[in-house]
Amino acid sequence: MELREIEIFAPATIANISCGFDVLGCCLDSIGDTMILRKTSETGVRIGKIIGEELPMDPKKNVASVAVMAMLKALKVEPNYGFEIEIHKNIKPGSGVGSSAASGAGAVFAANELMGKPFSKHELIPFAAEGERAACGAPIADNVAPALLGGFTLVKETDPIKVLELPSINGLYATIIHPQIEIKTSISRDILPQTVNINDAVKQWANVGALIHALHMNDHALFADSLKDYIVEPHRSKLIPKFEQVIKSAINAGALGGGISGSGPSIFTFSKNLETAENVSLTIKDIYKNTNIPYHVYVSKINDQGVKILKQS
Ligand code: HSE
């Protein structure tokens, strides 16, 4: 039977994971958008409906349609039908948990399924990254890769993009606080220095290596000890109220560690089980209750599947 319509779950993601600026990422399970793609008799890509957020309806400006158009361009023969995209946006844009990446990754995954899977999930990553280019000016893959592949990923090469799938630590949960302040990815990138201190660089790449080793060894203590960022976080954390306090209190409540999620303002922490992640969420809420900043706290296990099909017909 020929597929006409597909509904998918496009997950939120945590990019950087402290030490891996622009290269490490992981996929979340209980935070994400729903998207519906349907074939249309007219060729091309159009945005049918966006619910939940104000985002561009112009297909040349919307991340989801830009990503699908990049994919269609790469086909030897374009299909004789088009696509209509409906987005039910639950991930707030500018929150730091891969809102645009979910749109790009979800759209290319769904369109690929409707076309009978001409591309593998790995081959879809550069198309979804074109959506990121539309969103923040650069085709960064550290959110789109885990959104498509699930689990933990490492962007090994950027041109052309090559991504490695990493193992996850058993039972890992994330607790994330999203303070509702806007920090645009472009601004949080602009404030970063263009050169790094060699001593900081040495500490940083040691931690990236150690974190990946910890994932392979299922070593909670080493994982916790590697969640440090000497290069980016010192500059960005100044933009996030109560950042240090959130991390310290989360660790006191049993978290393994944490950092800035993507380019912020969300702060992530990891815990070795759900109970600890829930305790961490209470502690973090207590800190933000004493500010006048609205916030949301999420607890999610690591999603090892990535974007997934909810319905198809
Ligand atoms: N890694 C990016 C940054 C955000 O920290 O600016 C997500 O792509």
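Helix H9 (243–252) gives the most to the lining of the second largest pocket, with 4 residues. Helices here are DSSP runs of H or I with at least four residues, and strands are runs of E with at least two, numbered from the N terminus. Helix H8 (233–236) and strand S8 (257–260) are also among the elements that each supply at least two residues of this lining.

A word on the source. The model is predicted: local features need pLDDT of at least 70 and side-chain atom pairs count only at pLDDT 80 or more, while totals for chains, interfaces and linings use all residues. Residues are numbered from 1 along each chain as its sequence is written, and side-chain values use heavy atoms, with hydrogens and water left out.

A pocket is an open set of points on a 1 Å grid over the protein atoms alone, where a 1.4 Å probe fits, with protein on both sides within 12 Å along at least five of seven lines; lining residues have an atom within 4 Å of a point. The second largest pocket holds about 250 Å³, a volume being the space filled by probe spheres set on the points, which are joined across faces, edges and corners. Of its 15 lining residues, Leu 227, Lys 228, Asp 229, Glu 233 and Ile 247 lie nearest the centre.

I turn to the largest pocket, with about 770 Å³ of space. Its lining numbers 39 residues, and Pro 93, Gly 94, Ser 100, Ala 135 and Thr 185 are the closest to its centre. Helices H2 (99–114), H3 (121–136) and H5 (185–190) each supply at least two lining residues. Domain 1 (5–166 + 303–312) and domain 2 (173–301) each contribute at least three; these bounds come from an automatic or database domain assignment.
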